[in-house]
Structures are given as structure tokens and as C-alpha cells.
Amino acid sequence: MKTLIINGSPRVNGDTASLLDIIRKNIAGECRVLNAYGSNISPCVDCRYCWEKEGCAIQDEMQEIYDYIQECDNILIASPIYFSELTGRVLDVGSRLQTYFCAEYFRGEKPILKPKKGAVLLVGGGDGHMEKAYETACVLLHHMNCHDIHEIVFSHNTNVTPAIEDEQALAGVQRIIDFFTIERQHVHENL
């Protein structure tokens with residue numbers, strides 16, 4: 001089993017990272033973490049290369065991520081919430097999924113054959129509005145062929161309680177691990 005984690009936090013030891021550490025240490029199989037703030041991935045420039053051709057004209061680290069998306073089983077988007085939305089760097093990475101949209105809607109192709117499970121982990125303080133960030137994350141997951149998406153997991157009081165001490169968030173992290181791991185094992189056992 002392979003899992004791709006898109007980490008949208010700029011803080012390497014922050015609240016998002018503390019919850020992702022638990023997932024990485026406890027999930028079965030291979031786990032690749034894309035740290036959006038530390039990656040060499042440019043946003044889409046709307047060059048329209050992918051309107052007619054497979055892939056993307058921008059040659060950067062995203063080429064490796066495209067390959068991993070094709071073969072992985074699970075995708076987790078984890079992000080702090082900035083102004084009720086995913087961080088800008090997650091949106092930069094997400095904009096590069098335009099190639100999948102264009103493959104389907106302009107070229108009539110199915111760009112990712114292997115279905116995946118998806119999940120969203122959101123972290124932050126603020127005003128409690130996570131709906132837009134969750135909806136955006138689900139759109140990105142759908143473009144990566146994740147249609148079996150776990151319910152939202154969040155820690156949304158980090159200005160008062162660190163995420164690592166948020167019992168609700170910790171329980172949600174365990175549910176994501178189970179969703180990605182245990183349920184898939186049962187499917188393989190029944191084959």
C-alpha cells in the first residue's frame with residue numbers, strides 16, 4: 001500500500017506536522033510526504049500545453065508526484081487554514097492538477113485509472129470556518145481519482161490547545177489510519 005501526503009504547512013514542527021507524524025508512524029506500507037512549502041513545484045501558468053498533450057510543460061518536482069499519484073492507493077491533504085482556505089502552496093500544487101482536468105474534459109481521456117481513497121486534515125485557530133477549505137480539498141482529491149473520501153478531520157482551536165493535545169483530532173487521525181489501512185486489508189483478505 002502506498003500513501004501520498006500533501007502537507008500544506010510552512011511550519012516543520014507545527015500543529016499540522018505533529019498530527020502527520022502520528023499518521024506516518026502508524027500507517028501501513030510506503031508513505032511519501034510532499035511538503036508543499038519545501039518543494040520545487042511551480043503553480044500552473046495556464047500555458048494550455050495539457051489541453052492537447054499528456055502531462056505538463058513545467059518540468060519540476062511535480063513530474064515525480066504525477067508518477068506517484070498514478071500508483072498510490074491513498075491521498076491525504078493536510079493543511080492549516082488561512083482565511084477559511086487551504087494554504088497558498090497547497091493551492092499552487094493543486095493548480096498543477098489541471099492536466100488531469102484537461103485530459104478528461106478536453107482530450108476525452110481517463111488520466112488516472114487506479115481509484116484511491118482520500119482524506120482531509122485541517123488545522124488552525126480562527127473563526128471556525130473550514131467548509132471552503134474542505135470543499136477545495138475534495139475537488140483536488142476528485143481530480144486525483146479519490147471518490148471514497150473520509151469525513152473531515154480537524155483541530156480548530158490551536159490558538160488555545162496544540163493539535164497534539166486535541167483529543168477529537170487525535171481520534172480523527174486514528175480513523176484516517178484505519179480508513180486507509182484496515183478497510184483495505186479486509187478487501188484484500190476477501191479476494
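User: How many bridges join S4 to strand S5, and in which sense do they run?

Analyst: Strands are DSSP runs of E with at least two residues, helices are runs of H or I with at least four, and both are numbered from the N terminus. Two strands pair if DSSP finds at least two bridges between them. Here three bridges join S4 to S5 (residues 146-149), and the two run parallel. Across them, lysine 117 stands opposite aspartate 148 in S5.

User: What should I know about the model and its numbering?

Analyst: This is a predicted model, where local features need pLDDT of at least 70 and side-chain atom pairs count only at pLDDT 80 or more, while totals for chains, interfaces and linings use all residues. Residues are numbered from 1 along each chain as its sequence is written, and side-chain values use heavy atoms, leaving out hydrogens and water.

User: Which other strands does S4 pair with?

Analyst: S3 (residues 74-80) pairs with S4 in the parallel sense over seven bridges; there, proline 80 has valine 123 as its bridge partner. S6 (residues 153-155) is also parallel to S4, over three bridges, with leucine 121 opposite valine 153.

User: Is S4 buried or exposed?

Analyst: Buried means under 20% relative accessible area, exposed over 50%, and partly exposed in between (1.4 Å probe, protein chains only). Eight of the eight residues of S4 (residues 116-123) are buried, so the strand is largely enclosed by the rest of the structure. Lys116, Gly118, Val120 and Leu122 point one way, and Lys117, Ala119, Leu121 and Val123 the other.

User: How many helices and strands are there in the protein?

Analyst: Six helices and six strands, in the order β-α-β-α-β-α-α-β-α-β-β-α.
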